Amino acid sequence: MSGCLLLAACAVGTRPVAPTWVATWGQAMTSHYVRSTGHDGKWLLDAYVQPVEHAPTVDHLTLRQSVNVSAGGGRVRIRLSNYYGRAPLSVSAARIALGAGDASDLSAIDPGSDRSLRFDGGKPSITIAPGSEAVSDPVELRVPALSNVVVSLYFDGPAQLADAHPMEQAHTTYAVDGDATQQRSLAQQPAAQALPHTRDAPIYLLTGVEVVVPAGTRGIVAFGDSITDGALASAPTTTWPAVLAGLAQRNGDAAAVVNAGISADELTTDQIGAPGAGASGLKRFLRDVVDRPGVTDVVVLFGANDINRGIDPAGYPNGASAGDLIASMRMLADVAHQHHLRIYAGTVTPFAGFPGWYSPQREAVRLQFNQWIRDSGSFDGVIDFADAVAGTYALPPLVAKQSPLPVGMATVCAGDAGLHPNDRGYAAMGTLAYNVLFHATLQPPQGCH
């Protein structure tokens with residue numbers, strides 16, 4: 001009897017922990033509303049005229065979007081957002097499949113992997129209330145790590161697409177008239193007139209792809225502005241969060257990575273009149289980081305936009321103070337730790353070589369903020385992105401007058417005059433992030449120094 005009880009106790013004690021859901025791809029949504037203009041092209045801001053705001057409205061249209069996942073899994077579901085919507089959003093049908101195309105046709109799917117998505121326990125359609133998100137029922141589908149997943153949505157009636165992620169590094173979005181959700185490719189079909197058909201068309205509504213992963217898998221969210229979003233990266237796979245995801249998978253680390261960067265976003269304040277730039281990092285931290293399924297770690301890289309045009313102590317957009325940036329980062333660290341998340345802070349990358357951004361005052365704020373990040377002890381780790389991309393650069397006239405010369409982004413790692421990295425710079429940043437998070441000592445293919 002006692003032996004049986006002992007065996008039973010041992011069996012209970014060694015029971016494996018259940019697998020869990022984690023976001024394997026995700027992007028932060030912004031408002032896609034724009035203000036109508038008058039006949040002279042000026043904003044309708046007259047005191048007696050109410051500005052008209054609208055988002056793209058589609059009807060009898062298929063929206064197909066291709067995304068790159070990080071971790072793989074055998075069950076998958078999607079997350080749709082109507083957070084910025086002002087009316088209920090009805091999705092008539094949804095499907096998911098593995099991508100079967102190359103960079104020239106990201107709309108192509110593998111027909112054998114095509115699955116119908118259901119909602120609310122088996123319903124073929126879903127209506128998402130304003131200010132809400134919806135998660136599909138899970139389906140059985142073997143999604144390989146670092147693979148392409150294609151999601152097709154059909155709208156059988158008028159639908160306002162208020163939520164979007166503005167910047168993509170490839171032609172990820174296809175829109176055609178009618179129900180084409182089961183067609184193998186949409187590349188040769190005429191583009192629907194209701195939505196743009198360009199290389200960098202936004203991702204609409206789709207804010208997450210989630211998979212079931214073994215217990216212990218880390219869910220990492222990269223949280224920041226355009227440098228995290230991947231401005232000037234040549235492909236979705238060359239942003240620094242994507243480099244981090246690739247290194248984790250290729251080195252056998254159980255981890256999923258979500259890119260929650262928004263180009264032009266600020267940490268400390270909203271940008272009034274620029275909804276595409278996103279709400280402030282302080283406002284969206286809970287929704288875009290804490291509430292992601294399976295999240296365990298967050299890497300925060302904010303500050304450049306705040307220093308350039310954030311609200312100063314007098315209330316004008318002349319640049320945030322180091323004190324405001326430090327107070328905001330303290331808040332993020334406190335919230336992350338309250339939710340049992342590890343938080344890593346990235347130092348603000350240099351911008352002395354970028355015309356119009358540098359001033360001695362702004363550089364002083366950047367240096368003070370970065371020194372606090374390194375020394376404060378508020379974080380579970382510090383990722384010195386600023387040092388990773390620093391190097392020799394061309395000196396603008398104002399910078400050339402300074403002594404000693406300020407640090408700038410290395411020309412070999414800059415995608416522009418010295419604000420945003422290129423693929424080489426992002427590779428250096430992603431490798432450094434991997435080393436800090438996974439206690440490794442890898443070297444990027446090419447450094448910046």
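**View 1. Strand β7 and its antiparallel partners.** Strand β12 (residues 132–135) is joined to β7 by 4 bridges, and the two run antiparallel. Two strands count as paired here if DSSP finds at least two bridges between them; strands (E, at least two residues) and helices (H or I, at least four residues) are DSSP runs, numbered from the N terminus. What you see is a predicted model, in which local features need pLDDT of at least 70 and side-chain atom pairs count only at pLDDT 80 or more, while totals for chains, interfaces and linings use all residues. Residues are numbered from 1 along each chain as its sequence is written, and side-chain values use heavy atoms, with hydrogens and water left out.

Look for asparagine 82, which stands opposite serine 132 in β12. β7 (residues 73–82) also pairs with strand β13 (residues 139–143) in the antiparallel sense over 3 bridges, where glycine 73 faces valine 143. A further 5 bridges link β7 to strand β19 (residues 206–213), again antiparallel, and isoleucine 78 has valine 209 as its bridge partner there. β7 is mostly covered, with 9 of its 10 residues buried; buried means under 20% relative accessible area, exposed over 50%, and partly exposed in between (1.4 Å probe, protein chains only).

View 2. Contact means heavy atoms within 4.5 Å. Over at β23 (residues 342–346), 3 bridges reach the parallel strand β24, and glycine 346 stands opposite isoleucine 383.

**View 3. The largest pocket.** This pocket holds about 420 Å³ of space. It was found on a 1 Å grid over the protein atoms alone: a cavity is a set of points where a 1.4 Å probe fits but cannot get out, a pocket is an open set with protein on both sides within 12 Å along at least five of seven lines, and lining residues have an atom within 4 Å of a point. Grid points are joined across faces, edges and corners, and the volume is the space filled by probe spheres set on the points.

Among the 25 lining residues, Trp25, Asn68, Pro236, Thr237 and Ala242 are the closest to the centre. β1 (20–26), β6 (61–68), α3 and β21 each supply at least two lining residues, and the largest share, 5 residues, comes from α3. The lining divides into 10 nonpolar, 12 polar and 3 charged residues (Ala, Val, Leu, Ile, Met, Phe, Trp, Tyr, Cys and Pro count as nonpolar, Asp, Glu, Lys and Arg as charged, and the others, Gly among them, as polar).

**View 4. Threonine 30 and its surroundings.** Threonine 30 belongs to strand β2 (residues 30–31) and is buried, with a relative accessible area of 1%. Leaving aside neighbours within four places in sequence, its contacts include Tyr84, Asp163, Ile262 and Pro275.

**View 5. Helix α4 under cover.** In α4 (residues 281–290), 7 of the 10 residues are buried, among them Arg284, Phe285 and Val289. Their cover includes β12, β20, β21, β22 and α6 (322–338).
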